Amino acid sequence: KQVIVPIVLQYDRDDAIDAIEGRGLLVNVLTATATSSDQVDAVISQDPSGGKVAEGSTITITIGVKHR
């Protein structure tokens, strides 16, 4: 079964995971240094970024974190 990949750019981490898992997909979470304060704890990239995939596929999201 094919499902639509939700576009979760700019969502906060928990909302993004809920949206992806709600479609029957798995989530892989990576982190990267945020380049602005509005990117902290938000999705700054995702792969794939839309389209359709098989149910149960893994969507990778990257969450912005503060520079240490």
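**Briefing: the three-stranded sheet and strand E5**

In this predicted model, three strands make up an open sheet with mixed pairing, in the order E2-E5-E3.

Pairing of E2 with E5
- Strand E5 covers residues 58–65 and runs parallel to E2, with eight bridges joining the two.
- Val29 has Ile61 as its bridge partner in E5.
- Leu30 has Thr62 as its bridge partner in E5.

Pairing of E3 with E5
- E3 pairs with E5 in the antiparallel sense, over four bridges.
- The bridge partner of Gln46 in E5 is Ile61.
- Ile61 is therefore a bridge partner of both Val29 and Gln46, under the pairing scheme in which two strands pair if DSSP finds at least two bridges between them.

Helix packing
- Helix H1, residues 13–21, lies across E2, E3 and E5.
- The helix runs at about 155° to E2.

Burial of E5 and Thr62
- Six of the eight residues of E5 are buried, so the strand is largely enclosed by the rest of the structure.
- Thr62 has its place in strand E5.
- Thr62 counts as buried because its relative accessibility is 12%, and the cut-off for buried is under 20%.
- Leaving aside residues up to four places away in sequence, Thr62 touches Leu30, Thr31, Ala32, Ala42, Val43, Ile44 and Ser45.

Notes:
Residues numbered from 1 in each chain as written. Predicted model: local features only at pLDDT ≥ 70, side-chain atom pairs only at ≥ 80, totals over all residues. Heavy atoms only, no water. Contact = heavy atoms within 4.5 Å. Axes fitted to C-alpha atoms, helices over the stretch in contact; angles between N-to-C directions. Buried < 20%, exposed > 50% of the residue type's maximum accessible area, 1.4 Å probe, protein only.
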